[in-house]
Amino acid sequence: RLNTWESLTTGIAQQAKGVIAPKEKTPFITFVLGGPGSGKGTQCIKIVETFGFAHLSAGDLLRREIASKSADGAMILNTIKEGKIVPSQVTVKLIQKEMELSDNHKFLIDGFPRTEENRVSFEQIIGVEPNVVLFFDCPEEEMVKRVLNRNEGRVDDNLETIKKRLTVFQALSLPVINYYSEKGKLYTIKAIGTEDEIFEQVRPIFAAFETVG
Ligand SMILES: Nc1ncnc2c1ncn2[C@@H]1O[C@H](COP(=O)(O)OP(=O)(O)OP(=O)(O)O)[C@@H](O)[C@H]1O
Ligand SMILES: Nc1ccn([C@@H]2O[C@H](COP(=O)(O)O)[C@@H](O)[C@H]2O)c(=O)n1
Ligand SMILES: [Mg+2]
């Protein structure tokens, strides 16, 4: 059985949808990592505006599942309330669907992979590795302050859940960050200062890839 990218590039997924042309361009995948409130989503908006990526936020896709009252919705809601990680199969399928529907070949995958299990599952199902991994490195105190001020009505933006999310980040997400560091794919951003100051650290990373082609 072909993985997602093999079927996209051979045109099988498109033909099934009634679209004839296969995807012509090699995918360019960026994983966007960092603790809760480190500014991933905020910087992704700027990257999309400047470099024309498609933004896929794993958290947003999961929240959309809850809102649509899908079969997994209740399980996802409970998991997010607890600050835990949703089974990889569920999250990767949501990302897969968005990638297949997109006309873009440049993807910013925000808040994923959160665990080694997420990472391996993506490699197996999607069949590609990231080109770039961004890590927004932010002090815990600042992350807590930002999340508590976010005011978007998220069920996990309260002190109790934030503490759990920080523990999960340390225990399960840092190993993923270390993995990509060892592979030479990690770009660490000092995620303090104004949004614009932080973006000035991000910009040259993608600018360098633009000139390479
Ligand atoms: N540089 C910054 N300085 C101060 N506040 C910021 C900065 N960047 C983002 N924020 C604010 O901090 C909050 C969290 O930012 P954002 O939602 O981008 O974080 P995130 O990493 O996506 O978090 P989560 O993992 O919880 O989704 C938002 O209210 C955002 O407006
Ligand atoms: N790969 C992921 C990403 C997110 N979750 C769950 O969603 C919560 C919110 O995610 P944000 O990226 O918007 O902060 C997160 O705390 C997890 O509960 C997940 O399970 N797997
Ligand atoms: Mg976010």
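1. Ligand 2 is surrounded by 15 residues, the closest being Arg63, Lys84, Val86, Gly111 and Arg114, where a residue is counted if one of its heavy atoms lies within 4 Å of the molecule. The model is a predicted one, in which local features need pLDDT of at least 70 and side-chain atom pairs count only at pLDDT 80 or more, whereas totals for chains, interfaces and linings use all residues. Side-chain values use heavy atoms, with hydrogens and water left out, residues are numbered from 1 along each chain as its sequence is written, and chains are lettered from A and ligands numbered from 1 in the order in which they are written.

2. As for the atom pairs at ligand 2, a polar side-chain atom of Arg63 lies 2.9 Å from an oxygen atom of the ligand, while a polar side-chain atom of Asn118 lies 3.1 Å from a nitrogen atom of ligand 2. The backbone also takes part, with an N or O atom of Gly111 lying 3.1 Å from a nitrogen atom of ligand 2. Taken alone, ligand 2 exposes 460 Å², and the protein buries 96% of that; accessible areas come from the Shrake-Rupley method with a 1.4 Å probe, and for residues only the protein chains shown count as cover.

3. Asn118 deserves a point of its own, since the UniProt annotation "binding site", from an unreviewed entry, covers Asn118; UniProt positions are given in the numbering used here, feature names are shortened, and annotations may be inferred rather than shown by experiment. Asn118 is placed in helix α7, residues 116-126, helices (H or I, at least four residues) and strands (E, at least two) being DSSP runs numbered from the N terminus.

4. Asn118 counts as buried because its relative accessibility is 2%, the classes being buried under 20% relative accessible area, exposed over 50% and partly exposed in between (1.4 Å probe, protein chains only). Leaving aside residues up to four places away in sequence, Asn118 touches Ile85, Val86, Ser88, Val92, Phe112 and Pro113, contact meaning heavy atoms within 4.5 Å. The side chain of Asn118 also makes a polar contact with the side chain of Ser88 at 2.9 Å; such a contact is a pair of N or O atoms within 3.5 Å, and within protein one must be able to donate a hydrogen and the other to accept it, with residues adjacent in sequence counting only if both atoms are side-chain atoms.

5. Arg119 also lies in helix α7, and Arg119 counts as buried at 8% relative accessibility. Not counting residues up to four places away in sequence, Arg119 touches Pro113, Val176, Tyr179 and Tyr180.

6. Around ligand 1 there are 16 residues, of which the closest are Lys40, Thr42, Arg150, Arg165 and Gly193.

7. In helix α8, residues 140-148, Met143, Val144 and Val147 are buried. Seen down the axis of α8, these buried residues fall within an arc of 100°, so they line one face of the helix, the arc being that of the directions from the helix axis to the C-beta atoms. Glu141 and Lys145, on the other side of α8, are exposed, and what covers the buried residues of α8 includes α9 (159-182).

8. For the protein chain as a whole, the secondary structure comes to 10 helices and 5 strands, and buried residues make up 46% of the 213 residues.
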